[in-house]
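Thanks for making time this morning.

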Amino acid sequence: MTTSAPATSAPATGRTVIENCAVATVDAAGTEYASGHVVVAGNVIESVGPGPAPAGLEGVTRRIDGTGHLATPGLVNTHHHFYQWLTRGLAQDSNLFDWLVELYPTWARIDEPMVYAAASGSLAMMVRGGVTTAMDHHYVFPRGAGDLLGAEIRAAAELGVRFTAARGSMDRGESDGGLPPDFAVETTEGALLATEQAVDTHHDASFGSMLQIAVAPCSPFSVSTELMREGAALARRKGVRLHTHGSETVEEEKFCHELFGMGPTDYFASTGWLGGDVWMAHCVHMNDSDIAAFARTGTGVAHCPSSNARLAAGIARVPDMLTAGVPVGLGVDGTASNESGELHTELRNALLVNRLGAGEKALTARQALRLGTYGGAQVLGRAAEIGSLEPGKLADLVLWKLDGLGHASIADPVAALVLGAPAPVTLSLVGGTPVVEHGRLTRADEDAVARLTRSEARRLARIAGLA
């Protein structure tokens, strides 16, 4: 791959021309070009099409020969817990509830420097692997721990990634029948006030926004019904999206029936948590009526195949959801239950896991790519801006190198990306600005990030008595 100008992390100006690459636009028609071009003007896509770029373009500051590459929209992560980067590899053989019981006492001791380090590590790993829009669901706020949400926001800004920060909360501690220690949960009023403050301080609803906030109580078994209802009302009053965990395990379904007298989907409906402004993580244990309710209301799903497998939660009915019209994106989930921390591996795992559940035609390679791009944009409410390569959309795109050992003998570039080994990222743009060049981050020293995360993980282990 050759270029006519060196990389820069300055705001995108002029035109960038990418030619001679395969292009998977992931538009509504699934348009692809065996050899095509993408022209970026400033922070948006100007043109996409077959063959070379239009002749006579003015203000071209960079030309890229994409021979041997596939251009796709940037990947969109729809569910994560950055802080868990510091507790990878623990509770290796546990189901969800046992895993939570084992890890909550450690998580309850996180502080601002730890969360900054964990967010830096989590984001660096995803960005290096083609993620251009990241999301995090942070819900652990120990008293006196500092500005934890601000630490994540700072890390995302430093790496140049588009970011949705879901301000989570828990108000059901051990003394109220919940799983987390009491000192790691907030009061209902305190959680709502802090969430509203986060929206007022940070949320940017403008086109091309680099930072948005969602309202995100943790889960039915760690949150009171009042917090669920008032959280939904707050989100709609402020015009932001809603996120939580839903229908992840059979234990959760049993819990909802015992405590509320109904299953998770009916409980969510009763608290105002179904709608086109809502997306749920996991949704593994959904019956036909649950799926119909999500489709009817436009409620989205963050599918996390690796985490679901790691915790033996089960196989989500993604093919049935897609057939019904449910918006579905992909999520890494927290790296204490998906230690790889990469979203591009979830393309492959989504396809493989769903075929185990529903047969060889459950998902195609192109459906998997759509889940990781346009599907993610849908559930984050940003499909008009990102998720496909179309003129007028933001220039969030990735050039995957497919002419190396791991992929060169696969003729279909989308199959090579989804079914093959993790593909190297030659170039990743966020709003036209490079965040990855030739497999390396442009705005952070990966080795320094690794050292920082190792140091903070060891500090957390010492404080929690794990060392």
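This is a predicted model: local features need pLDDT of at least 70, side-chain atom pairs count only at pLDDT 80 or more; totals for chains, interfaces and linings use all residues.

**A strand covered on both faces**

Let me begin with β10, where both faces are covered: Arg241, His243 and His245 on one side, and Leu242, Thr244 and Gly246 on the other, are all buried, buried meaning under 20% relative accessible area with a 1.4 Å probe and protein chains only. In a regular strand the side chains alternate between the two faces of the sheet. Counted along the strand, six of the six residues of β10 are buried; strands here are DSSP runs of E of at least two residues, helices are runs of H or I of at least four, and both are numbered from the N terminus.

Residues are numbered from 1 along each chain as its sequence is written, and side-chain values use heavy atoms, with hydrogens and water left out.

Which strand does β10 pair with over two bridges? That is β9, residues 211-217, which runs parallel to β10, residues 241-246, and Val215 stands opposite Leu242; pairing requires that DSSP finds at least two bridges between the strands. The open sheet has eight strands in the order β6-β7-β8-β9-β10-β11-β12-β13, with parallel pairing, and its edge strands, β6 at 75-76 and β13 at 328-330, each pair on one side only.

Turning to the helices, α3, residues 148-159, lies across β7, β8 and β9 and runs at about 170 degrees to β8, where axes are lines fitted to C-alpha atoms, for helices over the stretch in contact, and angles run from 0 to 180 degrees between N-to-C directions. Because nine of its twelve residues are buried, α3 is largely enclosed by the rest of the structure; Leu149, Gly150 and Ile153 are among them.

Helix α2, residues 112-128, packs against α3 at an angle of about 35 degrees, with the axes 8 Å apart. Their contact, meaning heavy atoms within 4.5 Å, involves residues including Tyr116 and Leu123 in α2 and Arg154 and Glu158 in α3.

Note on methods. Buried means under 20% relative accessible area, exposed over 50%, partly exposed in between (1.4 Å probe, protein chains only).
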